[in-house]
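Subject: Structure for your files

Hello,

Here is the structure I said I would send. My notes on it follow below.

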2 protein chains.
Amino acid sequence: MNNTPEFQEGLSIAAVERDTGLLKDTLRVWERRYGFPQPLRDANGERLYPPAQIARLRQIKRLMDQGMRPGKIFAADEATLAAWLGKDAPSTEPPPHCRSMIDLLQQQRSEALRQSLQQNLLKLGLQRFVTEIVVPLNIEVGLAWLRGDITVGEEHLYSELLQNMLRNAVHALRNPAGRPRILLTTLPDELHSLGLLMAEAMLVPEGAVCTSLGTQTPLGDIASTAMSGEFDIVALSFSANYPARQAWNNLAELRRQLPAHITLWAGGRHLCERAPALDGLHYLKEIADAVSALESWRTQHQTDQSS
Amino acid sequence: MNNTPEFQEGLSIAAVERDTGLLKDTLRVWERRYGFPQPLRDANGERLYPPAQIARLRQIKRLMDQGMRPGKIFAADEATLAAWLGKDAPSTEPPPHCRSMIDLLQQQRSEALRQSLQQNLLKLGLQRFVTEIVVPLNIEVGLAWLRGDITVGEEHLYSELLQNMLRNAVHALRNPAGRPRILLTTLPDELHSLGLLMAEAMLVPEGAVCTSLGTQTPLGDIASTAMSGEFDIVALSFSANYPARQAWNNLAELRRQLPAHITLWAGGRHLCERAPALDGLHYLKEIADAVSALESWRTQHQTDQSS
DNA sequence: GTCAACGTTTTGTCCAGGACAAAATGAACA
DNA sequence: TGTTCATTTTGTCCTGGACAAAACGTTGAC
């Protein structure tokens with residue numbers, strides 16, 4: 001009945017469910033079948049998960065979202081697991097700007113961080129700001145959070161700051177009568193809203209008209225809004241912790257519900273490998289691909305461009 | 001394993017949990033103890049909740065969030081229950097602007113809606129726009145959603161539109177070196193972000209410096225951010241479906257963690273009745289109270305005003 | 001070599017019914 | 001009127017079993 005039983009020993013099963021996104025039932029059945037996690041018990045006989053096990057659970061969740069199955073993960077030894085985790089991370093060195101900005105974030109010097117970002121935005125322009133600053137910074141912040149180097153509060157601070165900057169920049173460039181008309185949103189269970197704003201920031205300078213529905217729009221509502229709003233493109237954003245399989249299923253279903261003349265975009269690096277191909281469905285591996293996808297849409301719809 | 005088992009007969013227990021916010025365990029134990037809800041069973045023996053029962057569960061949840069206990073609710077007959085529900089709703093007539101704006105929303109004419117809102121914003125100024133337009137409109141949209149008159153997609157559209165407008169307006173008035181410094185956020189399990197923006201829109205024109213952490217910040221992070229960021233006030237926003245008791249507990253805990261010189265504000269109409277009084281904790285019944293609370297803070301801290 | 005069909009294994013979610021501590025209530029008393 | 005204590009209410013956790021959907025691996029056909 002208490003909902004903040006966060007003693008130093010560890011977290012309750014409910015807290016772990018909130019933290020990792022793994023259902024209580026799943027946590028219990030893993031313990032039974034694979035012997036992990038193996039939480040302590042409090043005086044009352046209830047599970048108490050030590051921070052170390054929670055950290056590992058987060059890693060496991062991450063691997064599973066990439067399509068890996070628990071059987072393999074639990075069978076693997078320490079080294080293999082670390083290898084899998086490192087496989088997609090070290091592709092890029094942590095850029096120089098990032099380090100100093102993350103320092104500012106950790107010191108909670110939000111005003112200084114804002115100025116640093118603003119300076120970069122003005123220097124580089126919106127699109128390069130997104131690809132060269134925001135994207136690597138997002139990755140670093142995500143890694144730092146995974147390591148426990150920054151708190152949830154600091155991550156919120158970062159997210160709000162960036163959201164304000166991007167919204168303002170996009171708003172200034174808004175042009176209500178252009179083409180194509182793009183509807184942006186995420187599926188249910190996907191809370192990450194920054195991806196949407198970043199996409200908007202890439203597309204609006206190209207003259208596209210973007211309307212965002214924010215996060216977690218039910219499938220049926222996406223389809224009906226796209227049709228009644230006379231949109232040309234529906235763009236969905238997926239963060240790295242959205243289960244790939246679930247994404248493909250939902251995309252197929254949405255593709256079925258949409259008329260053929262509306263194109264569907266799915267943004268998310270981890271969706272692209274072994275993704276089922278569908279007519280009128282394009283996967284965007286990186287945020288920059290949004291621009292090239294827009295260009296290719298325009299060449300395919302040259303007749304309508306005038307309006 | 002399928003996550004959209006939404007057949008016409010009814011919803012699975014997992015879907016009901018998502019929809020109502022009542023835990024699976026709670027739903028099952030209510031069925032055992034009180035005989036309600038009494039879901040159908042599918043071919044597999046699993047619970048299947050008909051829409052009517054889900055609607056009633058929503059009502060029950062609403063009453064419980066106001067502090068009522070299940071024993072009373074389940075004992076009450078149809079009429080008494082309806083009386084309890086109607087008690088707080090009809091206080092205000094639906095204002096004239098609202099009707100036409102909701103029409104625009106239902107027709108998905110987002111650009112027209114934006115212009116209408118923008119016009120009112122410029123005519124009334126930010127603060128009056130919030131109190132006279134946004135507040136009643138929010139209520140109407142909420143009621144329309146409860147009645148099923150507007151879809152989730154339309155509600156998202158509305159929320160995004162307003163968010164953009166308010167963020168831009170607030171951004172334009174920003175003054176990084178003022179007093180007091182106010183930290184805005186919501187507790188975990190509270191997703192409603194519009195309340196925060198509305199508060200910001202009321203406070204920033206008065207010269208306060210607002211920093212928002214967005215929604216769902218853990219208690220400990222609120223306290224540590226407030227202290228390291230040298231804030232004077234922590235302001236929390238609660239929507240009508242946040243359990244009052246849980247709010248009071250968390251507020252007491254947070255008050256304990258914060259040093260005495262940081263004031264704590266809690267916004268939310270339903271929190272004010274029978275609320276436990278605490279030193280340095282102020283309840284704001286309406287959004288407009290933020291301004292008067294700010295004034296009273298200033299009179300109490302006249303010495304510091306200069307910086 | 002690619003693809004389809006099919007049996008096997010894995011895996012997440014649900015179920016029943018018991019238990020218990022925290023919260024809320026009401027009674028007794030100062 | 002307010003405080004203390006016993007009683008009831010209520011949400012959450014527990015164990016261990018069950019099963020369908022999904023994923024996998026094999027086989028065979030082209």
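Rings of Phe, Tyr and Trp, the last by its six-membered ring, are taken as a pair if their centres lie within 6.5 Å. Please keep in mind that this is a predicted model.

Aromatic pairs

Over all chains, the structure holds 8 aromatic pairs.

In chain B, Tyr34(B) and Phe74(B) form a stacked pair, with 4.7 Å between the centres and 10° between the planes. Tyr34(B) has a relative accessible area of 35% and is partly exposed. Back in chain A, ring pairs join Trp30(A), Tyr34(A), Phe36(A) and Phe74(A) into a cluster.

The two chains

Chain A is superposed on chain B by a rotation of 180° with 0.4 Å of shift along its axis, at an RMSD of 0.7 Å. This is the relation of a two-fold axis. The same surface serves both copies, since 94% of the contact residues of chain A recur in chain B. Among the residues of chain A, the C-alpha of Asn168(A) comes closest to the rotation axis, at 3.0 Å.

The second largest pocket

What is the volume of the second largest pocket? The value is about 590 Å³. Its lining has 32 residues, and those nearest the centre of the pocket are Cys210(A), Thr211(A), Ser212(A), Ser110(B) and Arg114(B). By type, the lining divides into 11 nonpolar, 13 polar and 8 charged residues. Elements that each supply at least two lining residues are α9 (152-173), α10 (194-203), β4 (209-212) and α11 (219-228) of chain A, together with α7 (110-124) and α9 (152-173) of chain B.

Helix α11 of chain A

The buried residues in α11(A) include Leu219(A), Asp221(A), Ile222(A), Ala223(A), Thr225(A) and Ala226(A). Their cover includes β3 (181-185), β5 (233-237) and α12 (244-257) of chain A, as well as α9 of chain B.

Two single residues

Ser110(A) lies in helix α7 (residues 110-124) of chain A. Is Ser110(A) buried or exposed? Its relative accessible area is 17%, and buried means under 20%, so Ser110(A) counts as buried. Not counting residues up to four places away in sequence, Ser110(A) touches Leu157(A) and Leu161(A).

Ala275(A) is in the loop between β6 (263-267) and β7 (281-284) of chain A. With 22% relative accessibility, Ala275(A) counts as partly exposed. Leaving aside neighbours within four places in sequence, Ala275(A) is in contact with Trp248(A) and Tyr283(A). Trp248(A) is 27 residues from Ala275(A) along the chain, and their C-alpha atoms are separated by 7.3 Å.

Regards

Technical notes. Residues numbered from 1 in each chain as written. Chains lettered and ligands numbered in written order. Predicted model: local features only at pLDDT ≥ 70, side-chain atom pairs only at ≥ 80, totals over all residues. Heavy atoms only, no water. 1 Å grid on protein atoms, 1.4 Å probe; cavity = no way out; pocket = protein on both sides within 12 Å on 5 of 7 lines; lining within 4 Å. Points joined across faces, edges and corners; volume = space filled by probe spheres on them. Helix = DSSP H or I, 4+ residues; strand = E, 2+ residues; numbered from the N terminus. Nonpolar A, V, L, I, M, F, W, Y, C, P; charged D, E, K, R; others polar. Least-squares fit on C-alpha atoms with pLDDT ≥ 70 in both. Contact = heavy atoms within 4.5 Å. Buried < 20%, exposed > 50% of the residue type's maximum accessible area, 1.4 Å probe, protein only. Phe/Tyr/Trp six-rings, centres within 6.5 Å; stacked < 30°, edge-to-face > 60°.
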